[in-house]
Amino acid sequence: MINRDLLEQYAKDIDVVLDNNMLSQFQVYAGELLGTNRMYNLTAITNPDDVLVKHFVDSLMLLKYFDLDYGMKIIDIGSGAGFPGIPLLIAKNNKLQLTMVDSIAKKIRFLENALQSCGLEAQIVCERAEVLGQDAQYREQYDVATARAVANLSALCEYCLPLVKVGGYFIALKGSLDEVSDAQHAIEVLGGETESNVSYKLPNGDARSLVIIRKISQTPTEYPRKSKKITTKPL
């Protein structure tokens, strides 16, 4: 299904070591993704080599620039088909306290099946991020929030920073455009501070960036707002 040797090498190039069990889990995950994708759309990327680079390696790039410690409490917003959450969980040997969030039921079902098939454990929540951000069970409870290809950075900050505890981090996996300056006001209002904004290229040459925002103060209680306001009246 996917080229295990190539995945192992690409991971090694960014100082991520994948053992045989992890490579097998990625193989199973790719099979679940592409098999389910024939029934309903999870991803427009269907070539196994592209899945390897544009989904798996792209997700693992987070580990090159941020050290996820075993046992960290992490929430992945807009998980969709499981990126970056499942690749990170595999690479960390299933030793993250991961919560995966999506509001679309069919994607939640896929995540549940994929985790079971790969022998992984995570909490799966079918809800909108802005609802969880106002729920005491989730608000400011996480060491790290992640999001990949969900929305512009300003909106992402309002979805994600309320979920991060003070001293924790929001990590956004983005495309080639630099969105930090446009999101600076939102970052500050929501209690964040930009720690790094790294640009890099995937093995196929595609440009990407990783924005790491540290939570330095509590998010004001009026945030996150309802989704329509986040979209129509960005911070």
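This is a predicted model: local features need pLDDT of at least 70, side-chain atom pairs count only at pLDDT 80 or more; totals for chains, interfaces and linings use all residues.

Reader: How many helices and strands does the protein have, and what does the radius of gyration say about how compact it is?

Author: The protein has 10 helices and seven strands. Its radius of gyration is 17 Å, close to the 18 Å that the globule rule gives for 235 residues, so the protein is as compact as a globular protein of that length. The C-alpha trace spans about 45 × 35 × 30 Å along its principal axes, and 52% of the 235 residues count as buried.

Reader: Which residues touch the most other members of the largest nonpolar core?

Author: In soluble globular proteins, nonpolar side chains tend to be buried together. Here the largest nonpolar core holds 53 residues, of which L18 and L68 touch the most other members. Helix α2 (residues 20-37) supplies the largest share of this core, with seven residues. Apart from this core lies another, of 31 residues, including A145, Y159, I187 and Y223.

Reader: Where is S227 found, and is S227 buried or exposed?

Author: Burial is judged from relative accessibility, with the cut-off for buried at under 20%. S227, found in helix α10 (residues 227-232), has 17% relative accessibility and therefore counts as buried. Leaving aside neighbours within four places in sequence, S227 is in contact with R128, E130 and Y159, and Y159 is among the residues of the 31-residue core.

Notes
Residues are numbered from 1 along each chain as its sequence is written. Side-chain values use heavy atoms; hydrogens and water are left out. Helices (H or I, at least four residues) and strands (E, at least two) are DSSP runs, numbered from the N terminus. Buried means under 20% relative accessible area, exposed over 50%, partly exposed in between (1.4 Å probe, protein chains only). Contact means heavy atoms within 4.5 Å. A nonpolar core is a set of buried Ala, Val, Leu, Ile, Met, Phe, Trp, Tyr and Cys residues joined through side-chain atoms within 4.5 Å. The radius of gyration is taken over C-alpha atoms; the globule rule is 2.2 Å times the number of residues to the power 0.38.
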